[in-house]
Amino acid sequence: MDAPEFKELRYLEAGDKTALLDAVAGATGGRPSPRILEIGCGSGGVLLALAGRIPEAALLGVDISAANISEAERRARENGHAERARFQLADYLATPLGPCDVIYADSVLHLLGSPASPLLRKLSGDLAPGGSLVCTLPDARLFNRVLWLLRRVFRLLRCKALDAFFLFLAKSLHAGTYSEAQLRDRIPYMYILPAFRLDAALRRQIAAAGLEIVAETLLPHVSPGQPGHRLLVCRKPS
């Protein structure tokens, strides 16, 4: 393993991504040349780590942040993965991207602004037969409900001073990891409420979209500013 890949994996482990990487790699099912799509790829950490772990994979990351895509492309060139790991500035909901063997989305789907049913139908449609959706979603635990109540208050109080305060906190917590442009792009998430959460109703909608939950686990809750999540692996029948 060369030095850039090792640095990338260390970064991901520090951010508690190891279990997610394992889930994505396992979801390929041993396909010889799997096509893997990441929705909300950020600065490309997951896809670049997967490029080192699954050298035969074709990888595409999409994100609505130009700063994220620019940084992801820079890191791909630096890591020598620019030909296999591609990054695209795009709105997933408006962009046809299938068929994919694996679609990965970490704490993203509930923030896309779409109701669950049409989003799940698009995800299912973008998966090849036998393909898998690997995603993390917030559940209905008490902590999450309190956090979303606070975000409702933040939305009522939003002003330049509050945005500046959140940017100051972000710089203090993530200095050296993200650029200021990337951190500014993340400020709106302090005010966003989820379009849906993992509950009994969402499980029924997953099944109605033609997806089966084949694995599920609770993820460690590492940040008081973010909701707690569960990891799901959903499979589309062959």
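Here are some questions and answers on how this predicted model gets its labels.

Q: How do you know how far to trust the chain in this model?
A: Look at pLDDT, the predictor's confidence in each residue, from 0 to 100. The chain's mean pLDDT is 88, and 93% of its residues reach 70 or more. Over residues 1–15, though, pLDDT stays under 50, and the model has 24 contacts beyond four places in sequence for that stretch. Contact here means heavy atoms within 4.5 Å.

Q: What ground rules sit behind the values?
A: Residues are numbered from 1 along each chain as its sequence is written, and side-chain values use heavy atoms, with hydrogens and water left out. As this is a predicted model, local features need pLDDT of at least 70 and side-chain atom pairs count only at pLDDT 80 or more, while totals for chains, interfaces and linings use all residues.

Q: Why are helix 2 and helix 3 called oblique to each other?
A: Helix 2 (residues 18–27) and helix 3 (residues 45–53) pack at about 55 degrees, with axes 11 Å apart. Angles under 35 degrees count as roughly parallel, over 145 as roughly antiparallel, 65 to 115 as roughly perpendicular and the rest as oblique. The pair is therefore oblique.

Q: What makes the contact of helix 2 with helix 3, and how do its residues divide?
A: Helix 2 brings L21, D22, V24 and A25, and helix 3 brings V46, A49, L50 and R53. They divide into six nonpolar, no polar and two charged. For the sorting, Ala, Val, Leu, Ile, Met, Phe, Trp, Tyr, Cys and Pro count as nonpolar, Asp, Glu, Lys and Arg as charged, and the others, Gly among them, as polar.

Q: What about helix 5 and helix 9: which residues make the contact?
A: The axes of helix 5 (residues 116–126) and helix 9 (residues 200–208) come within 9 Å and cross at roughly 35 degrees. A116, S117 and L120 of helix 5 meet L202, Q205 and I206 of helix 9, giving four nonpolar, two polar and no charged.

Q: Is E38 buried or exposed, and why?
A: Buried means under 20% relative accessible area, exposed over 50%, partly exposed in between (1.4 Å probe, protein chains only). E38 has 4% relative accessibility, so E38 counts as buried. E38 lies in strand 1 (residues 35–39), and its contacts beyond four places in sequence include V46, L60 and Y104.

Q: And why does A161 get the label that it has?
A: A161, in helix 7 (residues 160–174), has 55% relative accessibility, so A161 counts as exposed.

Conventions: Axes are lines fitted to C-alpha atoms, for helices over the stretch in contact, and angles run from 0 to 180 degrees between N-to-C directions. Helices (H or I, at least four residues) and strands (E, at least two) are DSSP runs, numbered from the N terminus.
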